[in-house]
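Take a look at the model below. We will start at one residue and then step back to the whole fold.

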Amino acid sequence: MSAHMTIGGRPMDAVLARLTEIVGERATRAQGVLADHGRSEAYHPATPPDVVVFPETTAEVQAIVRLCREMKLPLVAFGAGTSLEGNAAALHGGVCLDMGRMNEVLKVNAEDMDVTVQSGITRKQLNAQLRDTGLFFPIDPGADASIGGMTSTRASGTMAVRYGTMKDNVLALEVVLADGRVIRTAQRARKSAAGYDLTRLFVGAEGTLGVITEITLKLHPQPEAISSAVCAFPNLKAAVDTAIAVIQSGVPVARVELLDAVMMRGMNLHAKLGLPELPHLFFEFHGSRAYVAEQAETAQALAAELGGQGFQWATTPEERSRLWQARDNTLYAGLALRPGARAMITDVCVPISRLAECLVETAADIAETGLTAPVVGHVGDGNFHLLVLLDPDSGEELARAKAFCDRLARRAIALDGTCTGEHGIGVGKMDFLPLELGEAVDVMRLVKGALDPDGIMNPGKIFRPRASNHGDAP
(Lines give C-alpha, C1' and ligand atoms only; values in the text may rest on other atoms or scores of the structure.)
Protein backbone atom coordinates (compact mmCIF):
# COMPACT_ATOMS: atom_id res chain seq x y z
CA MET A 1 0.00 0.00 0.00
CA SER A 2 1.09 3.55 -0.58
CA ALA A 3 3.11 5.13 2.19
CA HIS A 4 3.82 8.47 0.50
CA MET A 5 3.65 11.55 2.72
CA THR A 6 4.00 13.79 -0.28
CA ILE A 7 2.71 13.60 -3.83
CA GLY A 8 4.27 15.58 -6.62
CA GLY A 9 6.51 17.14 -3.95
CA ARG A 10 3.47 18.52 -2.10
CA PRO A 11 2.20 17.44 1.31
CA MET A 12 -0.41 14.73 0.96
CA ASP A 13 -2.80 16.52 3.34
CA ALA A 14 -2.74 19.59 1.10
CA VAL A 15 -3.50 17.52 -1.99
CA LEU A 16 -6.35 15.72 -0.27
CA ALA A 17 -7.78 19.03 0.97
CA ARG A 18 -7.81 20.45 -2.58
CA LEU A 19 -9.51 17.35 -3.94
CA THR A 20 -12.06 17.46 -1.13
CA GLU A 21 -12.98 20.98 -2.21
CA ILE A 22 -14.01 19.48 -5.56
CA VAL A 23 -15.76 16.22 -4.60
CA GLY A 24 -16.23 16.36 -0.82
CA GLU A 25 -15.90 12.99 0.91
CA ARG A 26 -15.55 11.21 -2.43
CA ALA A 27 -11.77 11.67 -2.15
CA THR A 28 -10.15 9.10 0.12
CA ARG A 29 -6.86 7.72 1.35
CA ALA A 30 -8.44 4.73 3.11
CA GLN A 31 -5.86 1.96 2.86
CA GLY A 32 -8.35 -0.68 1.73
CA VAL A 33 -9.58 1.53 -1.10
CA LEU A 34 -6.03 2.31 -2.20
CA ALA A 35 -5.16 -1.39 -2.19
CA ASP A 36 -8.25 -2.26 -4.25
CA HIS A 37 -7.21 0.28 -6.87
CA GLY A 38 -3.67 -1.06 -7.03
CA ARG A 39 -4.76 -4.54 -8.03
CA SER A 40 -6.10 -5.99 -11.29
CA GLU A 41 -6.26 -9.34 -13.07
CA ALA A 42 -2.67 -8.75 -14.26
CA TYR A 43 0.31 -10.69 -12.90
CA HIS A 44 2.26 -7.45 -12.43
CA PRO A 45 2.94 -6.30 -8.85
CA ALA A 46 0.21 -4.24 -7.21
CA THR A 47 0.91 -0.50 -7.32
CA PRO A 48 -1.64 1.53 -5.33
CA PRO A 49 -2.29 5.22 -5.92
CA ASP A 50 -1.90 7.83 -3.19
CA VAL A 51 -5.52 8.94 -3.26
CA VAL A 52 -8.71 7.70 -4.95
CA VAL A 53 -11.37 10.12 -6.18
CA PHE A 54 -14.91 9.21 -7.28
CA PRO A 55 -16.19 11.91 -9.68
CA GLU A 56 -19.84 12.04 -10.73
CA THR A 57 -19.77 14.61 -13.54
CA THR A 58 -17.57 15.76 -16.40
CA ALA A 59 -17.20 19.10 -14.61
CA GLU A 60 -15.71 17.34 -11.59
CA VAL A 61 -13.32 15.38 -13.82
CA GLN A 62 -12.30 18.62 -15.48
CA ALA A 63 -11.60 20.29 -12.12
CA ILE A 64 -9.56 17.28 -10.93
CA VAL A 65 -7.52 17.22 -14.15
CA ARG A 66 -6.80 20.95 -13.84
CA LEU A 67 -5.68 20.46 -10.25
CA CYS A 68 -3.40 17.58 -11.23
CA ARG A 69 -1.87 19.67 -13.98
CA GLU A 70 -1.33 22.60 -11.61
CA MET A 71 0.30 20.36 -9.00
CA LYS A 72 2.05 18.06 -11.52
CA LEU A 73 0.30 15.00 -10.06
CA PRO A 74 0.12 11.66 -11.88
CA LEU A 75 -3.48 10.85 -12.82
CA VAL A 76 -4.79 7.38 -13.68
CA ALA A 77 -8.37 6.71 -14.80
CA PHE A 78 -9.79 3.46 -13.39
CA GLY A 79 -12.75 1.44 -14.66
CA ALA A 80 -13.62 -2.04 -13.40
CA GLY A 81 -10.07 -3.21 -12.63
CA THR A 82 -10.14 -6.10 -15.11
CA SER A 83 -7.09 -5.11 -17.20
CA LEU A 84 -4.42 -7.72 -17.91
CA GLU A 85 -1.24 -5.76 -18.67
CA GLY A 86 -1.15 -3.32 -15.76
CA ASN A 87 -2.97 -0.75 -17.91
CA ALA A 88 -4.40 1.15 -14.90
CA ALA A 89 -1.54 0.57 -12.46
CA ALA A 90 -0.50 3.67 -10.51
CA LEU A 91 3.20 3.21 -11.22
CA HIS A 92 4.08 6.63 -9.79
CA GLY A 93 1.36 6.84 -7.18
CA GLY A 94 -0.71 9.96 -7.59
CA VAL A 95 -4.45 10.33 -8.10
CA CYS A 96 -6.70 7.48 -9.20
CA LEU A 97 -9.89 8.63 -10.89
CA ASP A 98 -12.46 5.88 -10.27
CA MET A 99 -15.12 6.40 -12.94
CA GLY A 100 -17.59 3.90 -11.48
CA ARG A 101 -20.14 6.51 -10.36
CA MET A 102 -20.34 7.96 -13.87
CA ASN A 103 -22.46 5.06 -15.05
CA GLU A 104 -25.54 6.60 -16.68
CA VAL A 105 -27.11 5.93 -20.06
CA LEU A 106 -27.43 9.52 -21.26
CA LYS A 107 -29.42 9.06 -24.48
CA VAL A 108 -30.67 6.16 -26.57
CA ASN A 109 -31.28 6.99 -30.24
CA ALA A 110 -33.15 3.85 -31.19
CA GLU A 111 -33.94 5.01 -34.73
CA ASP A 112 -30.26 5.64 -35.41
CA MET A 113 -29.16 2.57 -33.43
CA ASP A 114 -26.74 4.42 -31.17
CA VAL A 115 -26.43 5.30 -27.50
CA THR A 116 -24.43 7.82 -25.48
CA VAL A 117 -23.21 6.67 -22.08
CA GLN A 118 -20.91 7.80 -19.30
CA SER A 119 -17.64 5.94 -19.26
CA GLY A 120 -18.11 4.13 -15.95
CA ILE A 121 -21.08 2.01 -17.04
CA THR A 122 -20.25 -1.66 -17.59
CA ARG A 123 -21.27 -3.62 -20.65
CA LYS A 124 -23.75 -5.76 -18.67
CA GLN A 125 -25.33 -2.69 -17.10
CA LEU A 126 -25.67 -1.13 -20.55
CA ASN A 127 -27.29 -4.18 -22.13
CA ALA A 128 -29.67 -4.54 -19.21
CA GLN A 129 -30.91 -1.00 -19.85
CA LEU A 130 -31.19 -1.63 -23.61
CA ARG A 131 -33.22 -4.82 -23.27
CA ASP A 132 -36.61 -3.24 -24.10
CA THR A 133 -35.30 -1.38 -27.18
CA GLY A 134 -34.67 -4.46 -29.31
CA LEU A 135 -31.02 -3.38 -29.57
CA PHE A 136 -27.82 -4.51 -27.86
CA PHE A 137 -24.14 -3.72 -27.59
CA PRO A 138 -22.19 -6.80 -28.75
CA ILE A 139 -18.60 -6.28 -27.65
CA ASP A 140 -17.90 -8.94 -25.01
CA PRO A 141 -14.37 -9.21 -23.60
CA GLY A 142 -15.52 -11.79 -21.04
CA ALA A 143 -15.21 -9.69 -17.92
CA ASP A 144 -17.92 -7.17 -17.06
CA ALA A 145 -15.57 -4.34 -17.97
CA SER A 146 -16.49 -0.66 -18.01
CA ILE A 147 -17.23 0.88 -21.41
CA GLY A 148 -14.58 3.53 -20.75
CA GLY A 149 -11.98 0.87 -19.99
CA MET A 150 -12.99 -1.12 -23.06
CA THR A 151 -12.66 2.02 -25.17
CA SER A 152 -9.28 2.90 -23.68
CA THR A 153 -7.84 -0.57 -24.36
CA ARG A 154 -9.53 -1.03 -27.76
CA ALA A 155 -11.21 -4.17 -26.43
CA SER A 156 -12.96 -6.79 -28.53
CA GLY A 157 -13.79 -10.34 -27.43
CA THR A 158 -15.84 -13.30 -28.54
CA MET A 159 -18.17 -11.56 -31.03
CA ALA A 160 -15.59 -9.38 -32.76
CA VAL A 161 -15.53 -11.74 -35.75
CA ARG A 162 -19.04 -10.51 -36.67
CA TYR A 163 -19.51 -7.15 -34.93
CA GLY A 164 -15.96 -5.77 -34.90
CA THR A 165 -13.98 -4.33 -32.00
CA MET A 166 -14.34 -1.15 -29.96
CA LYS A 167 -12.65 0.88 -32.70
CA ASP A 168 -15.45 -0.19 -35.06
CA ASN A 169 -18.27 0.57 -32.62
CA VAL A 170 -17.32 3.92 -31.07
CA LEU A 171 -18.84 6.85 -32.95
CA ALA A 172 -17.75 9.76 -30.75
CA LEU A 173 -16.12 10.61 -27.43
CA GLU A 174 -16.15 13.36 -24.86
CA VAL A 175 -12.62 13.68 -23.48
CA VAL A 176 -11.03 15.85 -20.81
CA LEU A 177 -7.55 16.72 -22.03
CA ALA A 178 -4.50 17.09 -19.81
CA ASP A 179 -4.85 20.88 -19.82
CA GLY A 180 -8.46 20.65 -18.62
CA ARG A 181 -10.19 21.35 -21.92
CA VAL A 182 -13.23 19.24 -22.72
CA ILE A 183 -13.54 18.20 -26.35
CA ARG A 184 -15.97 16.12 -28.39
CA THR A 185 -14.20 14.12 -31.08
CA ALA A 186 -17.11 13.70 -33.54
CA GLN A 187 -20.85 13.96 -34.10
CA ARG A 188 -23.22 10.99 -34.28
CA ALA A 189 -23.09 10.52 -38.05
CA ARG A 190 -22.06 7.02 -39.12
CA LYS A 191 -19.30 8.41 -41.30
CA SER A 192 -17.35 11.64 -41.59
CA ALA A 193 -14.44 13.04 -43.59
CA ALA A 194 -14.07 16.08 -41.33
CA GLY A 195 -10.49 16.48 -40.16
CA TYR A 196 -8.29 14.09 -38.20
CA ASP A 197 -9.98 11.02 -36.74
CA LEU A 198 -9.56 12.02 -33.10
CA THR A 199 -12.03 9.39 -31.95
CA ARG A 200 -9.71 6.58 -32.90
CA LEU A 201 -6.73 8.42 -31.49
CA PHE A 202 -8.22 8.07 -28.02
CA VAL A 203 -9.63 4.58 -28.58
CA GLY A 204 -6.77 2.37 -27.44
CA ALA A 205 -4.66 5.17 -25.92
CA GLU A 206 -5.03 3.56 -22.46
CA GLY A 207 -5.75 6.88 -20.77
CA THR A 208 -2.38 8.35 -21.69
CA LEU A 209 -3.82 11.26 -23.72
CA GLY A 210 -6.92 12.26 -21.76
CA VAL A 211 -9.80 11.06 -19.61
CA ILE A 212 -12.80 9.71 -21.53
CA THR A 213 -16.04 10.81 -19.85
CA GLU A 214 -18.73 10.06 -22.45
CA ILE A 215 -18.92 7.55 -25.30
CA THR A 216 -21.35 7.29 -28.21
CA LEU A 217 -21.64 3.69 -29.38
CA LYS A 218 -23.16 1.86 -32.31
CA LEU A 219 -25.92 -0.57 -31.36
CA HIS A 220 -27.11 -3.66 -33.19
CA PRO A 221 -30.51 -5.35 -33.51
CA GLN A 222 -31.06 -8.26 -31.15
CA PRO A 223 -31.08 -11.33 -33.41
CA GLU A 224 -34.37 -13.13 -33.99
CA ALA A 225 -32.70 -16.50 -33.46
CA ILE A 226 -29.47 -17.64 -31.81
CA SER A 227 -27.96 -21.10 -31.96
CA SER A 228 -24.74 -22.36 -30.37
CA ALA A 229 -22.76 -25.54 -30.87
CA VAL A 230 -19.60 -27.28 -29.70
CA CYS A 231 -17.49 -29.64 -31.74
CA ALA A 232 -14.37 -31.68 -30.86
CA PHE A 233 -11.35 -32.13 -33.16
CA PRO A 234 -8.44 -34.57 -33.16
CA ASN A 235 -5.83 -31.78 -33.02
CA LEU A 236 -5.36 -28.00 -32.96
CA LYS A 237 -4.66 -27.74 -36.69
CA ALA A 238 -7.93 -29.41 -37.64
CA ALA A 239 -9.86 -27.05 -35.36
CA VAL A 240 -8.13 -23.96 -36.75
CA ASP A 241 -8.52 -25.12 -40.35
CA THR A 242 -12.25 -25.55 -39.73
CA ALA A 243 -12.57 -22.03 -38.30
CA ILE A 244 -10.73 -20.62 -41.32
CA ALA A 245 -12.92 -22.61 -43.73
CA VAL A 246 -16.07 -21.30 -42.04
CA ILE A 247 -14.86 -17.69 -42.28
CA GLN A 248 -13.67 -18.04 -45.89
CA SER A 249 -16.95 -19.68 -46.94
CA GLY A 250 -18.75 -16.46 -46.04
CA VAL A 251 -20.72 -17.85 -43.10
CA PRO A 252 -21.28 -14.75 -40.89
CA VAL A 253 -20.68 -16.68 -37.69
CA ALA A 254 -21.19 -14.51 -34.57
CA ARG A 255 -18.62 -16.33 -32.47
CA VAL A 256 -16.08 -19.07 -33.11
CA GLU A 257 -13.90 -19.85 -30.11
CA LEU A 258 -11.06 -22.35 -29.81
CA LEU A 259 -10.24 -24.17 -26.58
CA ASP A 260 -7.33 -26.59 -26.54
CA ALA A 261 -7.36 -30.00 -24.82
CA VAL A 262 -5.77 -28.63 -21.66
CA MET A 263 -8.37 -25.92 -21.31
CA MET A 264 -11.15 -28.45 -21.94
CA ARG A 265 -9.85 -30.48 -19.01
CA GLY A 266 -10.06 -27.35 -16.86
CA MET A 267 -13.56 -26.58 -18.18
CA ASN A 268 -14.71 -30.06 -17.22
CA LEU A 269 -13.23 -29.67 -13.74
CA HIS A 270 -14.72 -26.22 -13.17
CA ALA A 271 -18.02 -26.25 -15.09
CA LYS A 272 -18.73 -30.01 -15.22
CA LEU A 273 -19.35 -29.90 -18.98
CA GLY A 274 -18.46 -33.54 -19.51
CA LEU A 275 -16.99 -32.92 -22.98
CA PRO A 276 -14.09 -34.87 -24.54
CA GLU A 277 -10.69 -33.51 -23.54
CA LEU A 278 -9.75 -32.64 -27.10
CA PRO A 279 -9.44 -29.29 -28.91
CA HIS A 280 -12.92 -27.81 -29.37
CA LEU A 281 -14.58 -25.05 -31.34
CA PHE A 282 -17.51 -23.19 -29.77
CA PHE A 283 -19.80 -21.66 -32.41
CA GLU A 284 -22.65 -19.17 -32.23
CA PHE A 285 -24.92 -18.08 -35.09
CA HIS A 286 -27.22 -15.01 -35.16
CA GLY A 287 -30.03 -14.09 -37.56
CA SER A 288 -33.46 -15.21 -38.67
CA ARG A 289 -34.47 -18.77 -37.81
CA ALA A 290 -34.04 -20.00 -41.38
CA TYR A 291 -30.74 -18.17 -41.82
CA VAL A 292 -29.31 -19.49 -38.54
CA ALA A 293 -30.25 -23.04 -39.54
CA GLU A 294 -28.55 -22.61 -42.92
CA GLN A 295 -25.38 -21.17 -41.34
CA ALA A 296 -25.23 -23.95 -38.79
CA GLU A 297 -25.61 -26.67 -41.43
CA THR A 298 -22.76 -25.22 -43.48
CA ALA A 299 -20.46 -24.98 -40.46
CA GLN A 300 -21.32 -28.52 -39.38
CA ALA A 301 -20.55 -29.89 -42.85
CA LEU A 302 -17.20 -28.09 -43.00
CA ALA A 303 -16.27 -29.35 -39.54
CA ALA A 304 -17.11 -32.92 -40.49
CA GLU A 305 -14.87 -32.72 -43.59
CA LEU A 306 -11.94 -31.66 -41.38
CA GLY A 307 -12.32 -34.27 -38.65
CA GLY A 308 -14.88 -32.61 -36.38
CA GLN A 309 -16.86 -35.00 -34.25
CA GLY A 310 -19.79 -34.91 -31.84
CA PHE A 311 -21.40 -31.64 -32.98
CA GLN A 312 -23.64 -30.74 -30.01
CA TRP A 313 -26.29 -28.01 -30.29
CA ALA A 314 -27.45 -25.56 -27.63
CA THR A 315 -30.57 -23.78 -28.82
CA THR A 316 -32.42 -22.85 -25.63
CA PRO A 317 -31.36 -19.73 -23.71
CA GLU A 318 -30.47 -21.89 -20.70
CA GLU A 319 -28.22 -24.21 -22.70
CA ARG A 320 -26.51 -21.31 -24.46
CA SER A 321 -26.02 -19.45 -21.19
CA ARG A 322 -24.37 -22.48 -19.59
CA LEU A 323 -22.09 -22.94 -22.57
CA TRP A 324 -20.94 -19.32 -22.87
CA GLN A 325 -20.74 -18.76 -19.13
CA ALA A 326 -18.31 -21.66 -19.04
CA ARG A 327 -16.35 -20.02 -21.89
CA ASP A 328 -16.30 -16.66 -20.09
CA ASN A 329 -14.98 -18.34 -16.93
CA THR A 330 -11.91 -19.86 -18.57
CA LEU A 331 -9.67 -18.06 -16.05
CA TYR A 332 -11.24 -20.07 -13.24
CA ALA A 333 -11.32 -23.20 -15.38
CA GLY A 334 -7.61 -22.83 -16.02
CA LEU A 335 -6.86 -22.29 -12.34
CA ALA A 336 -8.77 -25.50 -11.56
CA LEU A 337 -5.95 -27.37 -13.29
CA ARG A 338 -3.49 -26.27 -10.63
CA PRO A 339 -5.09 -25.20 -7.33
CA GLY A 340 -3.11 -22.48 -5.60
CA ALA A 341 -1.49 -21.30 -8.83
CA ARG A 342 -1.59 -17.82 -10.27
CA ALA A 343 -2.23 -17.15 -13.96
CA MET A 344 0.03 -15.04 -16.15
CA ILE A 345 -2.42 -14.17 -18.95
CA THR A 346 -1.16 -13.06 -22.33
CA ASP A 347 -2.49 -12.73 -25.87
CA VAL A 348 -1.26 -12.31 -29.43
CA CYS A 349 -2.99 -12.01 -32.81
CA VAL A 350 -1.85 -13.10 -36.28
CA PRO A 351 -3.43 -13.20 -39.74
CA ILE A 352 -5.76 -16.20 -39.76
CA SER A 353 -3.70 -17.83 -42.52
CA ARG A 354 -0.77 -18.01 -40.05
CA LEU A 355 -2.83 -19.00 -37.01
CA ALA A 356 -2.35 -22.78 -37.22
CA GLU A 357 1.41 -22.31 -37.66
CA CYS A 358 1.59 -19.99 -34.67
CA LEU A 359 -0.51 -22.27 -32.45
CA VAL A 360 1.39 -25.44 -33.36
CA GLU A 361 4.75 -23.77 -32.69
CA THR A 362 3.42 -22.35 -29.44
CA ALA A 363 2.13 -25.76 -28.29
CA ALA A 364 5.57 -27.24 -28.94
CA ASP A 365 7.17 -24.38 -27.00
CA ILE A 366 4.83 -25.01 -24.04
CA ALA A 367 5.69 -28.71 -24.02
CA GLU A 368 9.42 -28.00 -24.17
CA THR A 369 9.33 -25.53 -21.28
CA GLY A 370 7.25 -27.85 -19.09
CA LEU A 371 4.68 -25.14 -18.34
CA THR A 372 0.94 -25.64 -17.92
CA ALA A 373 -0.59 -23.07 -20.25
CA PRO A 374 -4.12 -23.73 -21.55
CA VAL A 375 -5.13 -21.92 -24.75
CA VAL A 376 -8.38 -20.15 -25.60
CA GLY A 377 -8.74 -18.15 -28.78
CA HIS A 378 -11.01 -15.96 -30.87
CA VAL A 379 -9.88 -17.90 -33.89
CA GLY A 380 -12.24 -16.11 -36.25
CA ASP A 381 -9.90 -13.11 -36.19
CA GLY A 382 -6.58 -14.82 -35.40
CA ASN A 383 -6.44 -13.85 -31.72
CA PHE A 384 -5.61 -16.31 -28.93
CA HIS A 385 -4.87 -16.16 -25.22
CA LEU A 386 -2.80 -18.31 -22.85
CA LEU A 387 -3.11 -18.75 -19.11
CA VAL A 388 0.37 -19.65 -17.91
CA LEU A 389 -0.16 -21.26 -14.48
CA LEU A 390 2.56 -20.48 -11.96
CA ASP A 391 3.54 -21.27 -8.41
CA PRO A 392 3.36 -17.71 -6.99
CA ASP A 393 6.39 -18.41 -4.79
CA SER A 394 8.64 -19.76 -7.53
CA GLY A 395 10.99 -17.22 -9.06
CA GLU A 396 12.28 -19.89 -11.42
CA GLU A 397 8.80 -20.59 -12.83
CA LEU A 398 8.13 -16.88 -13.22
CA ALA A 399 11.37 -16.46 -15.19
CA ARG A 400 10.49 -19.44 -17.40
CA ALA A 401 7.01 -18.06 -18.03
CA LYS A 402 8.29 -14.58 -18.88
CA ALA A 403 10.80 -16.06 -21.34
CA PHE A 404 8.01 -18.08 -22.96
CA CYS A 405 5.74 -15.01 -23.28
CA ASP A 406 8.67 -13.12 -24.80
CA ARG A 407 9.11 -15.81 -27.44
CA LEU A 408 5.37 -15.89 -28.10
CA ALA A 409 5.19 -12.14 -28.74
CA ARG A 410 8.20 -12.26 -31.05
CA ARG A 411 6.74 -15.26 -32.88
CA ALA A 412 3.48 -13.42 -33.53
CA ILE A 413 5.24 -10.29 -34.77
CA ALA A 414 7.45 -12.39 -37.08
CA LEU A 415 4.24 -13.85 -38.59
CA ASP A 416 2.96 -10.35 -39.48
CA GLY A 417 0.92 -10.25 -36.28
CA THR A 418 0.83 -8.23 -33.09
CA CYS A 419 2.05 -8.73 -29.56
CA THR A 420 -1.45 -7.98 -28.27
CA GLY A 421 -4.79 -8.40 -29.98
CA GLU A 422 -6.91 -7.23 -27.06
CA HIS A 423 -5.13 -6.64 -23.77
CA GLY A 424 -3.21 -3.52 -24.71
CA ILE A 425 0.42 -2.65 -24.05
CA GLY A 426 0.15 -1.28 -20.49
CA VAL A 427 3.42 -1.99 -18.72
CA GLY A 428 3.68 -5.63 -19.75
CA LYS A 429 4.41 -5.33 -23.47
CA MET A 430 6.25 -2.03 -23.86
CA ASP A 431 9.41 -3.73 -25.04
CA PHE A 432 7.66 -5.30 -28.04
CA LEU A 433 6.05 -2.16 -29.45
CA PRO A 434 9.22 -0.87 -31.18
CA LEU A 435 9.82 -4.33 -32.63
CA GLU A 436 6.29 -4.34 -34.06
CA LEU A 437 5.91 -0.71 -35.19
CA GLY A 438 9.45 0.70 -35.44
CA GLU A 439 9.64 4.48 -35.90
CA ALA A 440 5.88 4.80 -35.50
CA VAL A 441 6.55 4.66 -31.76
CA ASP A 442 8.39 7.98 -32.04
CA VAL A 443 5.27 9.47 -33.65
CA MET A 444 3.28 8.23 -30.66
CA ARG A 445 5.75 10.01 -28.38
CA LEU A 446 5.22 13.22 -30.34
CA VAL A 447 1.45 12.94 -29.92
CA LYS A 448 1.84 12.24 -26.21
CA GLY A 449 4.16 15.21 -25.80
CA ALA A 450 1.77 17.53 -27.63
CA LEU A 451 -1.36 16.55 -25.67
CA ASP A 452 0.23 15.84 -22.29
CA PRO A 453 3.48 17.85 -22.08
CA ASP A 454 3.73 17.39 -18.30
CA GLY A 455 3.31 13.64 -18.55
CA ILE A 456 0.56 13.42 -15.93
CA MET A 457 -1.85 11.13 -17.82
CA ASN A 458 -1.29 7.48 -16.83
CA PRO A 459 2.50 7.86 -16.89
CA GLY A 460 4.77 4.92 -17.63
CA LYS A 461 2.44 3.11 -20.04
CA ILE A 462 2.62 1.98 -23.69
CA PHE A 463 6.19 3.18 -24.38
CA ARG A 464 9.24 4.21 -22.45
CA PRO A 465 10.45 7.82 -22.65
CA ARG A 466 13.25 8.22 -25.15
CA ALA A 467 15.61 9.26 -22.33
CA SER A 468 14.81 6.14 -20.26
CA ASN A 469 17.77 4.07 -19.09
CA HIS A 470 15.80 0.99 -20.08
CA GLY A 471 16.06 1.89 -23.73
CA ASP A 472 13.57 1.00 -26.42
CA ALA A 473 14.95 -2.19 -27.81
CA PRO A 474 13.23 -5.37 -26.69
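A143 sits in the loop between β9 (135-136) and α5 (147-152). Helices (H or I, at least four residues) and strands (E, at least two) are DSSP runs, numbered from the N terminus. This is a predicted model: local features need pLDDT of at least 70, side-chain atom pairs count only at pLDDT 80 or more, and totals for chains, interfaces and linings use all residues. Residues are numbered from 1 along each chain as its sequence is written, and side-chain values use heavy atoms, with hydrogens and water left out.

Buried means under 20% relative accessible area, exposed over 50%, and partly exposed in between (1.4 Å probe, protein chains only). Which residues does A143 touch, leaving aside its neighbours within four places in sequence? They are T82 and R123. Contact here means heavy atoms within 4.5 Å. A194 is 51 residues from A143 in sequence, and their C-alpha atoms are 35 Å apart in space.

Now find helix α10 (residues 261-271). Its buried residues are M263, M264, G266, M267 and N268. An α-helix has 3.6 residues a turn, so residues three or four places apart point the same way. The buried residues of α10 pack against several elements, among them β15 (255-259), β16 (280-287) and α12 (317-328). Just after α10, K272 takes a positive phi of about 55°.

Next comes a pair of helices. Helix α9 (residues 236-248) packs on helix α11 (residues 289-305) at an angle of about 145°, and their axes are 9 Å apart. Axes are lines fitted to C-alpha atoms, for helices over the stretch in contact, and angles run from 0 to 180 degrees between N-to-C directions. From α9, the contact uses T242, A245 and V246; from α11, it uses A299, L302 and A303. Five of these residues are nonpolar, one is polar and none is charged. Ala, Val, Leu, Ile, Met, Phe, Trp, Tyr, Cys and Pro count as nonpolar, Asp, Glu, Lys and Arg as charged, and the others, Gly among them, as polar.

Finally, step back. The protein has 17 helices and 20 strands. Its C-alpha trace spans about 70 × 55 × 40 Å along its principal axes. Of its 474 residues, 54% count as buried. Among contacts with a separation of 6 or more, 72% join residues 24 or more positions apart.
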